[in-house]
Amino acid sequence: MKLRAWVKMGLKSILLFLILLVCLYSSSNNKLVKTEVYEFNKTLEMTAKAYKEEEEVPFDPIAELYRVKATYTGSLTGYAADCPMCNGTLSCKPKYNVYKNGVVTYNDPDYGNVRIVASSKNLSCGSIISFESNRVSGGTTYAIVLDRGVTGKNLDLLVESEAYASKYIGRSTISYNVLRFGW
């Protein structure tokens with residue numbers, strides 16, 4: 001009986017040796033190896049792409065704050081609280097008298113210190129806009145709608161005096177972005 005066990009073990013060893021030889025012979029065939037590697041890489045790329053599509057983008061409150069909601073084109077003019085038909089009180093904030101306080105900016109809790117503009121009712125009170133105009137500043141100007149008195153998509157920028165408005169602001173066509181619609 002012991003001989004039988006040795007024969008079985010010997011046959012298993014020979015079978016294992018033959019399988020090993022077949023594997024070695026197959027792996028020496030370059031064409032087969034390249035095909036297997038190519039298929040393997042292709043599978044990896046598809047798997048990586050599937051994971052990328054499922055990746056969740058974290059919420060960025062600052063990026064959301066400055067995301068453009070709409071873009072309009074209109075005329076930009078300047079006005080002051082000392083204009084002939086003005087009483088110095090803003091339409092959107094009746095108790096906020098810019099003439100008496102001598103201010104042309106508003107401190108918004110989200111956007112900080114921003115300029116004040118008048119708009120038509122196309123933009124709600126408290127809307128935040130951004131625009132670029134060399135007549136106002138060298139970069140981007142952020143403003144809040146706190147007054148009325150213009151038509152269409154036009155804007156009227158609150159400045160220090162009517163003399164300043166006519167000399168430096170004048171009338172120009174601008175494109176402006178709405179960052180927030182109303183309060």
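## Burial of strand 3

Strand 3, which covers residues 112–118, is mostly covered in this predicted model. Of its 7 residues, 5 are buried. In general, the side chains of a regular strand alternate between the two faces of the sheet.

## Pairing with strand 2

Strand 2 spans residues 105–108 and runs antiparallel to strand 3. The two strands are joined by 4 bridges. Within this pairing, aspartate 108 stands opposite glycine 112 of strand 3.

Alanine 118 has aspartate 147 as its bridge partner in strand 5.

A further pairing links strand 3 to strand 6, residues 155–159, in the antiparallel sense. This pairing consists of 2 bridges. Alanine 118 takes part here as well, with aspartate 156 as its bridge partner in strand 6. Alanine 118 therefore has a bridge partner in strand 5 and another in strand 6.

## Confidence in the model

The mean pLDDT of the protein is 83. A pLDDT of 70 or more is reached by 79% of the residues. Over residues 30–38, by contrast, the pLDDT is below 50. Beyond near neighbours in sequence, the stretch of residues 30–38 has 2 contacts in the model.

Terms used
Residues numbered from 1 in each chain as written. Predicted model: local features only at pLDDT ≥ 70, side-chain atom pairs only at ≥ 80, totals over all residues. Heavy atoms only, no water. Buried < 20%, exposed > 50% of the residue type's maximum accessible area, 1.4 Å probe, protein only. pLDDT = per-residue confidence, 0-100. Contact = heavy atoms within 4.5 Å.
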